[in-house]
Amino acid sequence: YTTFFRPNVAYMAVVGDVTVKEIKPLIEKYFGGWQKATVPVAKYTTVKMPTATNVAFVPRDAAVQSVINVTYPLNLKPGHPDVIKAKVASSILGGGMTGRLFLNLRETHAWTYGSYSSIRQDDIVGRFTATAKCRNAVSDSSVAEILKEMERMGSEKVSQEDLDRQIAYLSGGFAIGLGRAQTVAQYAINIERYNMPKDYYKNYLKNLSAVTV
């Protein structure tokens, strides 16, 4: 704890019905004695984009289902204009029960209880992931359908109806999240940590609704 938890590598966000004048003396009282120190930083090799498809197969003789994970690193940093567009696209592909992966692998083929995809932005390396847990006998077919739906996203325009549905879904989730103090605090930290525009979250819904086919 004393090695890694230091104020020079920490962020503090205060959310509530208080002013800076009211809260600053309390912060100074309880955290003023917290000493700075040099904190070890791990060095990792920078992730490189794969040049070919790689398959990692982990056999488990007693397994009653397959766990499939199709993933790819992304150069998608927090606050980048493509983040919102990428999230809309990923939501259409596999953001829930109305996503194409779910409708294909579960509703059409009944191979799985659910199949989903997600996008994660990061200041070092982000990622795209599509997943499914399916019956052993249809593992290969499930992979093929996931890849087919991914290819379809890149070769066909989505319908306006699908786009509008996902924008409404994401808008609702964002609005609900603002009701949680920890979410508001995280947004404030994100702005400082990743040097994002100060009005990024104020304009989030406007920018989300501006996404087009």
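Colleague: Which residues have the most contacts inside the largest nonpolar core?

Modeller: A word on the model before that: it is predicted, so local features need pLDDT of at least 70, side-chain atom pairs count only at pLDDT 80 or more, and totals for chains, interfaces and linings use all residues. Residues are numbered from 1 along each chain as its sequence is written, and side-chain values use heavy atoms, with hydrogens and water left out.

In soluble globular proteins, nonpolar side chains tend to be buried together. A nonpolar core here is a set of buried Ala, Val, Leu, Ile, Met, Phe, Trp, Tyr and Cys residues joined through side-chain atoms within 4.5 Å. Buried means under 20% relative accessible area, exposed over 50%, and partly exposed in between (1.4 Å probe, protein chains only). The largest core has 30 residues, and Ile-146, Leu-163, Tyr-200 and Tyr-201 have the most contacts inside it.

Colleague: Which element gives the largest share of this core?

Modeller: Helix 2 does, with five residues. Helices (H or I, at least four residues) and strands (E, at least two) are DSSP runs, numbered from the N terminus. Helix 2 covers residues 82-94, and its buried residues include Val-83, Ile-84, Val-88 and Leu-93. Helix 3, strand 3 and helix 5 are among the elements that its buried residues pack against.

Colleague: And what does Tyr-201 touch?

Modeller: Contact means heavy atoms within 4.5 Å. Leaving aside residues up to four places away in sequence, Tyr-201 touches Phe-174, Tyr-187, Asn-190, Ile-191 and Met-196.

Colleague: Now for charges: how many salt bridges are there?

Modeller: Side chains of opposite charge can pair when their charged atoms come close. The criterion is a side-chain nitrogen of Lys or Arg within 4 Å of a carboxyl oxygen of Asp or Glu, and a search of the whole structure finds eight. One of them joins Asp-162 to Arg-100, with the closest N and O atoms 4.0 Å apart. This pair links distant parts of the chain, as Asp-162 is in helix 5 and Arg-100 in helix 3, 62 residues apart.

Colleague: Is Arg-100 buried or exposed?

Modeller: Arg-100 counts as buried because its relative accessible area is 8%.

Colleague: What about a pair within one helix, such as Arg-165 and Glu-161?

Modeller: An α-helix has 3.6 residues a turn, so residues three or four places apart point the same way. Arg-165 and Glu-161 are four residues apart in helix 5, and therefore separated by about one helical turn. Their closest N and O atoms are 3.4 Å apart. Arg-100, Glu-161, Asp-162 and Arg-165 are linked in a network of salt bridges.

Conventions: Expected span 1.5 Å × (residues − 1).
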